[in-house]
Amino acid sequence: MAKVGFILVVYVVAVVLLSTAVHGQGTRLGFYRATCPQVESIVRSTVQSHFRMDPSIAPGLLRMHSHDCFVRGCDASVLLAGPNSERTAVPNRTLKGFEVIDDAKSQLEDVCPGVVSCADILALAARDSVVLTGGRSWEVPTGRRDGRVSLVSEVKLPGFSDSIEVQKEKFRSMGLNTHDLVTLAGAHTIGTASCRFFSYRLYNFTTVTETGADPTLNPSLVERLREVCPADGDGSSRVELDFDSSENFDLSFYKNLRLGGGILESDQMLWNDASTRPIIQHYLSLRGLVGRSSFRVEFGRSMVKMSNAQVKTGLLGEIRRVCSKVNN
């Protein structure tokens with residue numbers, strides 16, 4: 001009986017080891033310490049260089065990383081170009097920052113060819129973008145591998161008019177909870193949105209208000225938004241999601257929600273819903289630097305959770321030589 005038990009244990013261990021080899025061991029801190037120790041400094045300096053020329057690169061890279069993670073995990077599939085790729089989906093047509101990732105990748109290929117994944121570059125660039133706008137840094141586990149599939153039909157991102165329950169479900173599918181949902185929405189403190197994603201709230205939204213605008217939208221903001229997004233416009237103009245402090249990674253976005261200043265309907269719902277409002281209230285109840293620090297720390301933690309969701313490691317995927325196309 002003891003011998004049988006020993007054999008069973010050996011078999012179980014062998015199966016676990018085989019499974020680990022096939023599915024990967026996950027990301028870890030210092031993954032490139034021996035193979036490409038310059039990776040973080042190269043990505044950081046590249047993001048800084050592009051940011052100096054165009055500060056909108058920061059929210060662009062942060063948004064791109066999020067859009068990547070919500071489809072097949074954080075595998076840089078959003079970077080792949082092609083007629084039916086994720087990049088062609090409506091929410092992704094306004095993504096920016098591809099040239100930053102390409103620049104960093106090119107430099108890394110010169111220094112340590114075939115080692116650093118595009119997915120890891122994007123995860124690091126998102127972190128560095130937050131830091132450049134006043135956010136707090138966090139350690140990014142690395143070791144992701146790049147996916148080989150990118151399909152427009154699979155792009156089902158959290159939407160600008162999604163109900164709270166739909167938002168929660170989309171986050172749950174990524175292993176993220178309600179706290180992560182509210183915290184990661186704070187990225188909009190440095191973001192912008194095209195008029196096409198919210199102008200429906202400005203005209204003929206309801207008969208309840210004299211203006212016809214969404215009654216949850218602060219009336220003082222309606223006219224301000226209508227100037228940028230006229231009813232007969234093409235919807236391409238962009239508006240800052242945090243109209244008080246769009247260049248700083250701070251709590252202003254949440255303060256705006258409290259006053260009915262959520263530009264996107266899905267953002268405003270976070271304040272209006274009883275299950276998500278307390279999380280915002282918690283951040284706002286902590287005075288001054290304490291509240292800002294709490295949000296910044298929690299944001300980093302939620303970013304790590306998101307960037308580790310459904311990642312490809314080990315023998316899965318590949319290390320692309322060029323981020324916009326799979327290896328031959």
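**Close-up views of a predicted model**

The lining of the largest pocket comprises 24 nonpolar, 15 polar and 6 charged residues. The views below all come from a predicted model.

**View A. The largest pocket and its lining.** The largest pocket holds about 1100 Å³ of space. Several elements give two or more residues to its lining: α3 (57–69), α6, α7, β1 (192–194), β2 (238–240), α10 and α12 (288–307). The top contributor is α3, which gives 7 residues. In total, 45 residues line the pocket. Nearest the centre of the pocket lie Arg63, His67, His188, Thr192 and Leu241.

**View B. Pro158, an annotated position.** What does UniProt place at Pro158? An unreviewed entry there carries the feature "binding site" at this residue. Such an annotation may be inferred rather than shown by experiment. Pro158 sits in the loop that runs between α5 (118–132) and α6 (164–172). Is Pro158 buried, partly exposed or exposed? Its relative accessibility is 32%, so Pro158 counts as partly exposed. Leaving aside residues up to four places away in sequence, Pro158 touches Phe70, Lys170 and Phe171.

**View C. The buried side of α6.** Four residues of α6 are buried: Ile164, Gln167, Lys168 and Phe171. Why do they lie on the same side of α6? They cover an arc of only 100° around the axis, and this puts them on one side of the helix.

**View D. The largest cavity.** How many cavities of 30 Å³ or more does the structure hold? There are 2. The largest cavity has a volume of about 40 Å³. Its lining is made of His65, Ala123, Trp138, Val140, Met303 and Ser307. By class, 4 of these are nonpolar and 2 are polar, with no charged residue.

**View E. The second largest cavity.** This cavity contains about 30 Å³ of space. Leu79, Arg87, Phe98, Ile101, Asp102, Cys323 and Ser324 line it. Which classes make up the lining of the second largest cavity? The lining has 4 nonpolar residues, 1 polar residue and 2 charged residues.

**View F. Two positive phi angles in one loop.** Most residues other than glycine have a negative phi. Arg72 has a positive phi of about 65°, although it is not a glycine. Arg72 is placed in the loop between α3 and α4 (98–111). Ala76 is found in the loop between α3 and α4. Ala76, also not a glycine, has a positive phi of about 65°. Ala76 has a relative accessible area of 0%, so Ala76 is buried. The cut-off for buried is under 20% relative accessible area.

Notes:
Residues are numbered from 1 along each chain as its sequence is written. This is a predicted model: local features need pLDDT of at least 70, side-chain atom pairs count only at pLDDT 80 or more; totals for chains, interfaces and linings use all residues. Side-chain values use heavy atoms; hydrogens and water are left out. Buried means under 20% relative accessible area, exposed over 50%, partly exposed in between (1.4 Å probe, protein chains only). Contact means heavy atoms within 4.5 Å. The arc is that of the directions from the helix axis to the C-beta atoms. On a 1 Å grid over the protein atoms alone, a cavity is a set of points where a 1.4 Å probe fits but cannot get out, and a pocket is an open set with protein on both sides within 12 Å along at least five of seven lines; lining residues have an atom within 4 Å of a point. Grid points are joined across faces, edges and corners, and a volume is the space filled by probe spheres set on the points. Ala, Val, Leu, Ile, Met, Phe, Trp, Tyr, Cys and Pro count as nonpolar, Asp, Glu, Lys and Arg as charged, and the others, Gly among them, as polar.
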